[in-house]
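Dear colleague,

Please find below the structure that I am handing over to you. My findings follow it, and I should be grateful if you would read them with the model open.

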Amino acid sequence: MIDVKHVLNGVNSVVLDLDGTLYDKRGLSKRMVRHLWWCLPLILVDRLAKGRMWRWIVSTRWHREVYLKTMVALIGKHCPRRDEVVELAQTAHQMGLKTAIYSDYGAVEEKLKVLKVDKSNFDLLITAPELGGLKPSKACAMQVLERMHAKPETTLFVGDRDEKDGEAARSVGAKFLLVNGNWKMENKRYVDLQVTEGTYVPPVTTDYPEDDPYVGLYQPVYDRDFPAVDATYPYFDESRHNRRRSFWGYIFVLRTLGFLLRIRYGLRWRIEGQNRWRRSSCGVRRWLKQFDLSRGAITVANHCYRHDCASVLTSIHASYHTRIPMFAPNFRTKDQYFLTLVGGIPIPEPSAGLSAMKAFNAAFDQYNAKGYWFHIFPEAKRWDWYKPLRPFQKGAFTMAYKYNKPILPFAVTYRERTGIWRLLGPKDEPLTQVIIGAPIYPDTTQPRAAETERLRQLTHQTICRLAGIEHNTWPAKPENE
């Protein structure tokens, strides 16, 4: 539970969004479509229209008498109120602060009534149609402050969408509190993060750790059987059955899963220095031919969502001659078959003993001799939709030096889910894109420790640049290494 008084410290005015902030609106759009299927084109126009078209839509009788009345009824039946936000508004009112509701939609009083929220807690109820513009319009946000007789520097905006409510607050120099399922305060790693103009940063909707970069945020269920990962495990398996499985895994990842990722996440990729975004990897493969990759390469990327591995492999049209060292416990989860298909090799845990690690290393010596590619996430743990680049563990760079393989850097970046994409996937998940950098070659004439550290620093800087990060808030090397 958030400390309301701490949030309101130094604040004289509070501006709250309504839809998605005072109540949880998950599933509301689908219910609207089911109840108003006979006027679906008007619903889509209402959701997507801007400018004059938007002003015309919100002034029609259909919008007032059908659309908004249906929305209010569904909110009352299916959308639970967020009591924490209501408490914030009540506390602010009791403290004598100015409070307002600023909504992109109409029927504010009707919605407050079905949510059983006392409208007397608010000094001002205002909607975007009254102001003549949608969020994050700076002019409209200024009008709200003027009507409240409030100063931006002592005003707190509260909303569920950073790209709308948050941007409106920042445009006038006000504070902002994001509410999205849970209360999310400013993360210090994001406060100091600096990105290039036009780089999209997803809103912080997860309590990302601020000090430990290797905390596991994803808690899998270990309910599958898997052979013991010890000295007897077949780390190097070139049997006919395994080669057949690897081939069909290649078909599944690069064809079926790649196609599905383009639909759900709008997956696309491009080469650094080129402006053209691609959905076919043929151009990438031609570009890679100019480099000496005869010994294979080690692809390295940030670990930021469930299918980031498939995104990277798809972008370069990787063959089934790719191997990926993975944590052994992951092979006992529901993703077991997928991990095996993409070429995953379990890393023995310390309890398996030194002989198991020797067998694992010997297997990768054999894979390297056959010219296999390797893929590694040096961030180790997956943090979904995290923008800053976390410290890199040195395993990938030690392997690059040992096998004299170049590092091929990738940055999985994001863009806002808008338009038709909002119907094809969860609205709180951004679209994804992959940017590919030029290979980084190891210098094996240099001392191993120094060269490994150089590769780590250079790769970290390169991926930051590819991701549009000008100032990253994590170091390249873990502080406790």
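Predicted model: local features only at pLDDT ≥ 70, side-chain atom pairs only at ≥ 80, totals over all residues.

The expected span of a helix is 1.5 Å times one less than its number of residues.

Helix H12

The helix is not straight along its whole course: H12 bends by about 35 degrees at leucine 257. Leu257 is also one of the buried residues of H12, which include Asn242, Ser246, Gly249, Tyr250, Val253, Leu254, Gly258 and Leu261 as well. An α-helix has 3.6 residues a turn, so residues three or four places apart point the same way. The cover over the buried residues of H12 includes helix H14 (308-315), strand S10 and helix H15 (336-341). After H12 comes glycine 266, with a positive phi near 60 degrees.

The chain as a whole

The protein chain contains 18 helices and 15 strands. Its C-alpha trace spans about 75 × 50 × 45 Å along the principal axes. Of its 481 residues, 52% count as buried. The accessible surface of the chain comes to about 23300 Å², and carbon and sulfur atoms account for 51% of that area. Among contacts between residues at least 6 apart in sequence, 72% join residues at least 24 apart.

The seven-stranded sheet

An open sheet is formed by 7 strands, in the order S8-S14-S13-S9-S12-S10-S11, with mixed pairing. Strand S8 (268-271) and strand S11 (344-347) each have a single partner strand and stand at the edges, so one side of each has no neighbour in the sheet. From one strand to the next, the twist averages 25 degrees. Helix H14 packs on this sheet and touches S8, S9, S10, S12, strand S13 (407-415) and strand S14 (431-436); the direction of H14 makes about 120 degrees with that of S13. Helix H16 (residues 354-369) lies across S10, S11 and S12, and runs at about 155 degrees to S11.

Within the sheet, strand S12 (residues 373-376) deserves a separate word. Which way do its side chains point, and are they buried or exposed? Trp373 and His375 point one way, Phe374 and Ile376 point the other way, and all are buried. Strand S9 (residues 298-300) runs parallel to S12 and is joined to it by 3 bridges; here isoleucine 298 stands opposite phenylalanine 374. Strand S10 (residues 322-327) also pairs with S12 in the parallel sense, over 2 bridges. The bridge partner of arginine 323 in S12 is phenylalanine 374, while threonine 322 stands opposite tryptophan 373.

Threonine 432

Threonine 432 lies in strand S14. Its relative accessibility is 1%, and it therefore counts as buried, the cut-off being under 20%. Apart from neighbours within four places in sequence, Thr432 is in contact with Tyr265, Gly266, Leu267, Arg268, Tyr305, Trp385, Thr413 and Arg415. Among these contacts is Gly266, the glycine that follows H12.

Helix H18

Helix H18 (residues 448-466) has 19 residues, which should span 27 Å at 1.5 Å a residue; its end C-alpha atoms are 27 Å apart, in agreement. The buried residues of H18 are Glu451, Thr452, Leu455, Arg456, Thr459, His460, Thr462, Ile463, Cys464 and Leu466. They are covered by elements including S9, helix H17 (395-403), S13, S14 and strand S15 (469-471). Just after H18, glycine 468 takes a positive phi of about 80 degrees.

Strand S1

Finally, I turn to strand S1 (residues 13-16), which is covered on both faces: Ser13 and Val15 on one side, and Val14 and Leu16 on the other, are all buried. S1 runs parallel to strand S2 (residues 98-103), to which 4 bridges join it, and also pairs in the parallel sense with strand S4 (residues 155-159) over 4 bridges. Valine 15 stands opposite alanine 100 in S2, and its bridge partner in S4 is phenylalanine 157.

Yours sincerely

How values were computed. Residues numbered from 1 in each chain as written. Heavy atoms only, no water. Buried < 20%, exposed > 50% of the residue type's maximum accessible area, 1.4 Å probe, protein only. Pairing = 2+ DSSP bridges. Bend = angle between axes of the 7 residues up to and from the residue. Contact = heavy atoms within 4.5 Å. Areas by Shrake-Rupley, 256 points an atom, 1.4 Å probe, with all protein chains shown as cover. Axes fitted to C-alpha atoms, helices over the stretch in contact; angles between N-to-C directions.
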